[in-house]
Each structure stands twice: as C-alpha cells, then as structure tokens.
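Subject: Structure for you to look at

Hello,

Please find the structure below.

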Amino acid sequence: LQRNAAQLPLRIWVVDNSGSMSKADGKRMISPKNNKRDIRLVPCTRWTEIQETVDYHAQMARLLQAPTSFRLLNNPGVVGSKQFFGVGQRGPDLLDEDLQI
C-alpha cells in the first residue's frame, strides 16, 4: 500500500450525492461487539453505504499520508456544507484536522 501511495501523488474520489442515493438497496457490514469475527451484511441506503466507504478511505489516506480529494458530484445545497474536502493535501501536520469534517 505504501509503495502504491508513493507512485500516485493524488487520489480523487467523485462521490454521488444525487437523489437516488436515498434508495434503500445498499448494504453495510456490522459485527456484534462481543464477536468481531461474526460479520453480517445489513440493508441501508446507498448514501449510508457510500458514507462508510468514504470514511474508510479517508482514514486510510491519513494512515498512509496519501493525499486524497473527495468531491461530491452535486452541490449539497445546504449553507455551510462543502462540496469537496481533502485528506493529506495540506501536509502531514494537518492530517488529524483534515478528518474533522
């Protein structure tokens, strides 16, 4: 992973935030607190599914110090909401701050 991160100077994600993402045909993985090996798929919205995916890859970008840009496909339409954010693009000293979104 580290070698791959070094070869690709920037990763860019385009995240679908269209109305169809509210459809409840997604899946997410859960595991009971007392048995982390028992992983189950449960239904969720597409939006919940992509949120967990983005969170995972943002955390991975932080761990690898691999600059990554996440951009919503559509303007979120909410005052104060961002259409894009990045992890690791401002340098390693601000990685923790980058994840405070």
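Of the 101 residues in the protein, 24% are buried. Buried means under 20% relative accessible area, exposed means over 50%, and partly exposed covers what is in between (1.4 Å probe, protein chains only).

Before the details, a word on the source. This is a predicted model, so local features need pLDDT of at least 70 and side-chain atom pairs count only at pLDDT 80 or more, while totals for chains, interfaces and linings use all residues. Residues are numbered from 1 along each chain as its sequence is written, and side-chain values use heavy atoms, with hydrogens and water left out.

Overall layout

The protein has 3 helices and 5 strands. Helices (H or I, at least four residues) and strands (E, at least two) are DSSP runs, numbered from the N terminus. Along the sequence they follow the pattern α-β-β-β-α-β-β-α. Taken along the principal axes, the C-alpha atoms fill a box of roughly 40 × 35 × 25 Å.

The core

Which residues make up the largest nonpolar core? The core has 10 residues in all: Val15, Val54, Ala58, Ala61, Phe70, Leu72, Phe85, Val87, Leu95 and Leu99. A nonpolar core is a set of buried Ala, Val, Leu, Ile, Met, Phe, Trp, Tyr and Cys residues joined through side-chain atoms within 4.5 Å. H2, S4 and S5 each supply at least two residues of this core, and the largest share, 3 residues, comes from H2.

Aromatic rings

A pair of aromatic rings is described by the distance of the centres and the angle of the planes. Rings of Phe, Tyr and Trp (its six-membered ring) pair if their centres lie within 6.5 Å; planes under 30 degrees apart count as stacked, over 60 as edge-to-face and the rest as tilted. By this rule the count is 2 aromatic pairs. Phe70 and Phe85 form a stacked pair, because their ring centres are 4.8 Å apart and their planes are at 15°. Phe70 is in strand S4 (residues 68–72) and Phe85 in strand S5 (residues 84–87), so this pair links distant parts of the chain, 15 residues apart. Both Phe70 and Phe85 are buried. Ring pairs link Trp13, Phe70 and Phe85 into a cluster.

A charge also sits over a ring: the charged end of Arg71 is 5.0 Å from the centre of the ring of Phe84. The rule for this is that NZ of Lys or CZ of Arg is within 6 Å of the ring centre and within 35 degrees of the ring normal.

Salt bridges

Side chains of opposite charge can pair when their charged atoms come close. How many salt bridges does a search of the whole structure find? It finds 6, where a salt bridge is a side-chain nitrogen of Lys or Arg within 4 Å of a carboxyl oxygen of Asp or Glu.

One of them joins Arg46 and Asp25, with the closest N and O atoms 2.7 Å apart. Arg46 is in helix H2 (residues 46–64) and Asp25 is in the loop between S1 and strand S2 (26–30), 21 residues apart, and the pair links distant parts of the chain. Arg46 is partly exposed because its relative accessible area is 25%, and Asp25, at 40%, also counts as partly exposed.

Another is formed by Asp96 and Arg62 (2.6 Å, N to O). Asp96 lies in helix H3 (residues 95–98) and Arg62 in helix H2, so the pair ties together parts that are 34 residues apart in sequence. Asp96 is partly exposed at 46%, and Arg62 is partly exposed at 26%.

Asp98 forms a salt bridge with Arg90, the closest N and O atoms being 2.7 Å apart. Is Asp98 buried or exposed? Asp98 has a relative accessible area of 5%, so Asp98 is buried, whereas Arg90, at 48%, is partly exposed. Arg90, Glu97 and Asp98 are linked in a network of salt bridges.

Two loop residues

Gln65 is found in the loop between H2 and S4. The phi of Gln65 is near 50°, a positive value in a residue other than glycine. Asp93 is in the loop between S5 and H3 and is exposed, with a relative accessible area of 78%. The C-alpha atoms of Asp93 and Gln65 are separated by 10.0 Å, and the two residues are 28 apart along the chain.

Regards
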